[in-house]
Amino acid sequence: MYSEQQTTDTYNTLLNGRWHTGIRPNTVGQLAVEQELIMLSSMNSDSVVLDFGCGPGLVTHDYWAMTGARVFGVTNQPSQIRLGQSLGHTDGGIGQSRVQYVLINDLILPFPDDYFDIIVSTEALCHIIGQDKVVLFNEFRRVLKPAGKLVYQDWAMSRTGCLDACARSIIEDTYHVKLQSLGQQKRVLTKNGFNVTATRKVYPQWNVGLGRTALDYFALKGLKLRYPHLYTECPFPPAGPVSESLLEAGRVLQESPDFYIVFICGEMAI
């Protein structure tokens, strides 16, 4: 439907490399999402973290830069792996020993049992549909340490089936997603061996979330950046043409009152 490079270029154009969304109130959306997931997961310098569906790798790099954690980003797109690996040049190689990018060809994760303290994911699980979701959650439980955490951010629907057929078709067919409500997502986690310990809903505020700089957000929160240059601009300019269909589907999603962003924290049931 779309070439791998075209998809990557379109997402970079839409979302400035981090592939996240804006949230209320008065926050820089892309990094606010990461800060929320860091807080929910209690990620710190001792954590070993899997970033599932890492995209072009900037988010994975952010987690290390903001917490000092050891982070592995996985994706099934070779071009995204190359982009992530290029980040080692932007910080002088500082993060290369703590950040790795791993290409996966299926949902069987190339890591040993009980390896990770935390699995984090941003807008990736909605693309895993049907029996594939059972396979993936089996893998999550296998590679997580006992009482390990799965923390993710994704899209949710306000009411099941509320979206008109045209908008649903544009979004589901274009982005290959299965849209679920928060309640449905919680039931999926519980059914697959996780106790849901925290949830939060927010609504996108795109003109603020995508238009302000990360430095505004950190100044607002009174935080200091370890490596400020990592957060101020997208290091991945498009390498080719973007997809108008993907852009249009993104606009439908942004403009729909029936969508919101959900944060969920689940702890592996023992």
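Glu123 is located in the loop between E4 and helix H5 (131-143), where helices (H or I, at least four residues) and strands (E, at least two) are DSSP runs numbered from the N terminus. The structure is a predicted model, in which local features need pLDDT of at least 70 and side-chain atom pairs count only at pLDDT 80 or more, whereas totals for chains, interfaces and linings use all residues. Residues are numbered from 1 along each chain as its sequence is written, and side-chain values use heavy atoms, with hydrogens and water left out.

Although Glu123 is not a glycine, its phi is positive, at about 55°. With a relative accessibility of 14%, Glu123 counts as buried; buried means under 20% relative accessible area, exposed means over 50%, and partly exposed lies in between (1.4 Å probe, protein chains only). A positive phi, of about 65°, is also found for Ala147, again not a glycine. Ala147 belongs to strand E5 (residues 144-157) and, at 37% relative accessibility, is partly exposed.

A pair of aromatic rings is described by the distance of the centres and the angle of the planes. Rings of Phe, Tyr and Trp (its six-membered ring) pair if their centres lie within 6.5 Å; planes under 30 degrees apart count as stacked, over 60 as edge-to-face and the rest as tilted. Nine aromatic pairs are present in the structure. One of them joins Phe72 and Tyr115, whose ring centres are 5.8 Å apart and whose planes meet at 65°, so this pair is edge-to-face. Because Phe72 lies in strand E2 (residues 70-75) and Tyr115 in the loop between strand E3 (99-103) and strand E4 (116-122), the contact ties together parts that are 43 residues apart in sequence. Phe72 is buried, with a relative accessible area of 5%, while Tyr115 is partly exposed at 24% relative accessibility.

Phe72 also forms an edge-to-face pair with Phe116, with 5.8 Å from centre to centre and 80° between the planes. Since Phe72 is part of strand E2 and Phe116 part of strand E4, this pair ties together parts that are 44 residues apart in sequence. Both Phe72 and Phe116 are buried.

Elsewhere, ring pairs link Phe52, Phe137, Phe140 and Phe194 into a cluster. A contact between a charge and a ring involves Lys201, which lies over the face of Tyr260 at 4.9 Å from the ring centre. A charge sits over a ring if NZ of Lys or CZ of Arg is within 6 Å of the ring centre and within 35 degrees of the ring normal.
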